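Please read the following report alongside the sequence and the model.

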Amino acid sequence: MKELRMNKNLSVEQMAQLLDISQSHYYKIESGVRNPNFLLAGKIASLFDCSVDEIFLVMN
């Protein structure tokens, strides 16, 4: 996910703001410590113009 975020020229802080979560929460998702719930995965997928399935695939 880091690569997707960087391709959009977004910082961790900006992503967290766009998703309405803390930077810490977003970083844990991006680093693979946590998985997003389905609703949050949908928001992430929307930001990256991809499917929810693709979000879960790039996390593994």
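## Overall fold

The secondary structure of the protein chain consists of five helices and zero strands, and the model described here is a predicted one. Read from the N terminus, the elements follow the order α-α-α-α-α. The radius of gyration of the protein chain is 10 Å, close to the 10 Å that the globule rule gives for 60 residues, so the chain is as compact as a globular protein of that length.

Taken along the principal axes, the box filled by the C-alpha atoms of the protein chain is roughly 25 × 20 × 20 Å. Of the 60 residues, 32% count as buried. When contacts between residues at least 6 apart in sequence are considered, 43% of them join residues at least 24 apart.

## Surface and charge

The protein chain exposes about 4000 Å², and carbon and sulfur atoms supply 49% of this area.

## Helix H4 and its buried side

Which residues of H4 are buried? In this helix, which spans residues 38-47, the buried residues are Leu40, Ala41, Ile44 and Ala45. They cover an arc of only 140 degrees around the axis, which puts them on the same side of H4. The face turned away from that buried side carries the exposed residues Leu39 and Ser46, while the buried residues of H4 pack against H2, H3 and H5.

Ala41, which has its place in helix H4, counts as buried because its relative accessibility is 0%, and the cut-off for a buried residue is under 20%. Not counting residues up to four places away in sequence, Ala41 touches Pro36, Val52, Ile55 and Phe56. Ala41 and Asn7, by comparison, are 34 residues apart in sequence, and their C-alpha atoms are 18 Å apart in space.

## Helix H5 and what covers it

Helix H5 comprises residues 52-59, and in this helix Val52, Ile55 and Met59 are buried. They cover an arc of only 55 degrees around the axis, which puts them on the same side of H5. Asp53 and Leu57 are exposed residues on the face of H5 turned away from its buried side.

What covers the buried residues of H5? The cover includes helix H1 (2-7), helix H3 (23-30) and helix H4 (38-47).

## Arg5 in helix H1

Arg5 is found in helix H1. Is this arginine buried or exposed? With a relative accessible area of 7%, Arg5 is buried, because a value under 20% meets that cut-off.

Once its neighbours within four places in sequence are left aside, Arg5 is in contact with Leu10, Ser11, Val12, Met15, Tyr26, Glu30 and Phe48.

## Ser24 in helix H3

Ser24 lies in helix H3 and, at 43% relative accessibility, counts as partly exposed. Ser24 and Val12 are 12 residues apart in sequence, and the distance between them in space is 8.9 Å, C-alpha to C-alpha. Val12 is also one of the residues in contact with Arg5.

## Two loop residues with positive phi

Most residues other than glycine have a negative phi. Asp20 has a phi near 60 degrees, a positive value in a residue other than glycine. This residue is found in the loop between helix H2 (12-19) and H3, and at 69% relative accessibility Asp20 counts as exposed, the cut-off being over 50%.

Asp49 likewise is not a glycine, yet its phi is positive, at about 50 degrees. Where is Asp49 placed? Asp49 sits in the loop between H4 and H5, and with a relative accessible area of 66% Asp49 is exposed.

How values were computed: Residues are numbered from 1 along each chain as its sequence is written. This is a predicted model: local features need pLDDT of at least 70, side-chain atom pairs count only at pLDDT 80 or more; totals for chains, interfaces and linings use all residues. Side-chain values use heavy atoms; hydrogens and water are left out. Buried means under 20% relative accessible area, exposed over 50%, partly exposed in between (1.4 Å probe, protein chains only). Helices (H or I, at least four residues) and strands (E, at least two) are DSSP runs, numbered from the N terminus. The arc is that of the directions from the helix axis to the C-beta atoms. Contact means heavy atoms within 4.5 Å. The radius of gyration is taken over C-alpha atoms; the globule rule is 2.2 Å times the number of residues to the power 0.38. Accessible areas come from the Shrake-Rupley method with a 1.4 Å probe; for residues, only the protein chains shown count as cover.
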